[in-house]
Amino acid sequence: MDEIRYKKIIYSEEQLKERVSALGKMITDDYCGRELVLLGVLKGSLFFFTDLSRAIDLPLQLDMIAIGNIPDMTSSTGIVRITKDVDINITGKHVIVIEDIIRTGLTTAYLLQTLEARKPASIEVCTLLYNPGRQLIDLPVKYYGFEVDRSWLVGYGMDQCDYGRNLPFIAEIEH
Amino acid sequence: MPIITISRQMGSLGDEVASALSSKLGWELITRDLLMERFFPDISQEQRTRLGESAKFYLSEYKDGISFRDVLADSLNTMSVEGSAILLGFGSQQLLSGNENTIHVRIIAPDETRLSRIEKQFHLPAEAAAELLSSTDRKHKRFVSHVFATDSTDETLYHLILNTGYMSVDECVAAIIATWKEHQLRVRIKAETKEEGAMNHQTEMPVFKNPSEAEFAKILDMYHIDWKYEPKTFPVEWDSEGNVTLAFSPDFYLPRFDTYLELTTMNQKYVTKKNRKLKKVLELYPGVHIKIVYKKDFLELAERLRSFGNE
């Protein structure tokens with residue numbers, strides 16, 4: 001790909017910094033004295049996850065999780081599975097799942113179902129971008145950066161055909 | 001509260017399945033001896049022995065003109081309301097027949113497998129093991145036949161029959177738990193439906209009205225999200241005689257998230273009509289969560305399904 005073609009910048013680098021810093025402060029206040037684990041969902045949440053974790057002024061554990069679709073004998077379409085699991089033990093700990101964007105919520109619902117089986121003390125979701133109008137399943141989204149109604153976005157971890165993740169801002173692309 | 005009854009052939013590993021199931025679920029395992037102690041604490045040793053030896057004795061009077069069998073059935077039905085348990089043997093599938101809080105399981109194995117297990121377990125020669133197996137099978141059959149006038153080998157008495165000639169104890173336990181969960185969900189939806197004044201619409205198999213619904217079911221499967229197809233119908237308008245004139249049956253119910261989903265892949269005119277109907281449902285049935293899957297979301301999810309499928 002020669003260049004990323006985007007229509008306009010939706011959230012600038014400064015806006016993102018400011019919002020991430022505010023979210024970090026909220027989480028610091030809410031989780032003070034609790035054993036906290038941040039789980040970043042690869043690859044979209046990569047930069048949000050690293051910036052947010054540094055904006056939280058608490059001792060915490062970090063880990064990342066990835067999901068993908070793999071072929072399955074019992075399904076013609078394959079099934080969604082965790083392709084990179086959590087390495088640390090989350091049982092009895094307070095977990096926040098960090099997402100870049102929640103649209104229908106099906107992927108996050110699958111993740112939460114899987115993580116809940118490991119008996120964390122609590123599990124919440126923090127997403128940078130959130131579209132509650134499109135969400136099909138009510139998820140415990142405790143923190144979000146911005147409410148959006150656009151789908152085709154790139155930058156700050158989000159991609160277009162796997163490119164554009166390293167843009168420091170979030171832009172709308174043509175579809 | 002729930003009860004799982006387990007009927008088993010001798011040498012079928014039924015006791016092992018019941019014990020493993022009890023550990024896995026954390027439910028009490030109730031055997032015949034425990035049941036006698038709990039429900040008939042005041043009987044004499046002679047009565048206890050006769051109950052162990054004679055099926056007919058169960059039909060005799062225990063107290064106040066009520067037979068041992070009927071006291072047992074009443075006590076078990078009361079227990080099914082108060083606590084969860086696994087009942088092993090003594091025709092419990094008959095005692096709790098028709099009780100909605102219960103599923104009935106039978107554990108079997110091929111005769112050759114059972115014989116070989118009995119030979120090993122009791123250190124018996126083949127002939128003696130065969131005799132023991134045959135007499136025990138006869139005794140079990142006679143007991144259920146005399147006490148309940150039915151045949152314990154009748155497949156229609158059970159929700160699930162498992163063959164340990166082909167399945168391990170762990171596999172049987174997993175199958176029983178899966179069956180139990182589905183049964184519990186079916187019963188829950190039925191009860192809720194009655195309470196809400198909606199109509200129970202659970203079918204024996206989903207017949208999708210259009211290809212989009214079938215495709216959406218595949219998407220949910222892909223994400224391991226359990227679903228039921230059109231399990232409830234919500235009446236929204238009635239005529240002066242109380243007959244339902246307008247009703248809404250959301251396409252999918254996601255039990256884990258207590259959410260109904262209605263697919264809308266058609267043009268805007270119908271979407272507006274559907275939204276109006278949905279608004280009425282939400283007014284009439286507060287607390288029911290229904291979401292519309294709009295065409296845009298459906299197409300995006302279907303696209304993801306196709307691209308995954310092609311990988």
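This is a predicted model: local features need pLDDT of at least 70, side-chain atom pairs count only at pLDDT 80 or more; totals for chains, interfaces and linings use all residues.
Residues are numbered from 1 along each chain as its sequence is written, and chains are lettered from A, and ligands numbered from 1, in the order in which they are written. Local features need pLDDT of at least 70 and side-chain atom pairs count only at pLDDT 80 or more, while totals for chains, interfaces and linings use all residues.

**View 1. The nonpolar cores.** The largest nonpolar core has 61 residues. A nonpolar core is a set of buried Ala, Val, Leu, Ile, Met, Phe, Trp, Tyr and Cys residues joined through C-beta atoms within 7 Å. A residue is buried if 20 or more other C-beta atoms lie within 10 Å of its own, exposed if 12 or fewer, and partly exposed in between, with C-beta atoms placed from the backbone. A:Phe48, A:Val97, A:Ile98, A:Ala109 and B:Tyr223 have the most contacts inside this core. Apart from neighbours within four places in sequence, A:Ala109 is in contact with A:Ile137, A:Leu139, B:Tyr223, B:Ile225 and B:Phe257; two residues are in contact if their C-beta atoms, placed from the backbone, lie within 7 Å. A second, separate core of 34 residues includes B:Ala18, B:Phe68, B:Ile103 and B:Ile176.

**View 2. The two domains of chain B.** Domain 1 covers residues 3–183 and domain 2 covers residues 197–310, with bounds that come from an automatic or database domain assignment. The C-alpha centres of these two domains of chain B lie 42 Å apart.

**View 3. An open sheet in chain B.** Four strands of chain B form an open sheet in the order S9-S12-S13-S14, with mixed pairing. Strands (E, at least two residues) and helices (H or I, at least four residues) are DSSP runs, numbered from the N terminus, and two strands pair if DSSP finds at least two bridges between them. Strands S9 (228–229) and S14 (290–293) of chain B are the edge strands, each pairing on one side only. Strands S12 (252–254) and S13 (259–263) of chain B run antiparallel and are joined by 3 bridges; B:Leu254 has B:Thr259 as its bridge partner.

**View 4. Helix H9 of chain B.** This helix (residues 211–222) has 12 residues and reaches 17 Å from its first C-alpha to its last, close to the 16 Å expected; the expected span is 1.5 Å times one less than the number of residues. B:Phe216, B:Ile219 and B:Met222 are buried in H9(B). Seen down the axis of H9(B), its buried residues fall within an arc of 110 degrees, so they line one face of the helix. The arc is that of the directions from the helix axis to the C-beta atoms. After H9(B) comes B:His224, with a positive phi near 60 degrees.

**View 5. A cis peptide bond in chain A.** The bond between A:Leu42 and A:Lys43 is cis, with omega about -5 degrees. A:Lys43 is found in the loop between strand S2 (36–41) and helix H2 (46–55) of chain A.

**View 6. Two loop residues with positive phi.** A:Lys119, in the loop between helix H3 (106–116) and strand S6 (122–130) of chain A, has phi near 55 degrees. A:Lys119 is exposed, with 11 other C-beta atoms within 10 Å. B:Leu13, in the loop between strand S1 (3–8) and helix H1 (14–25) of chain B, has phi near 70 degrees. B:Leu13 counts as buried, with 24 C-beta neighbours inside 10 Å.
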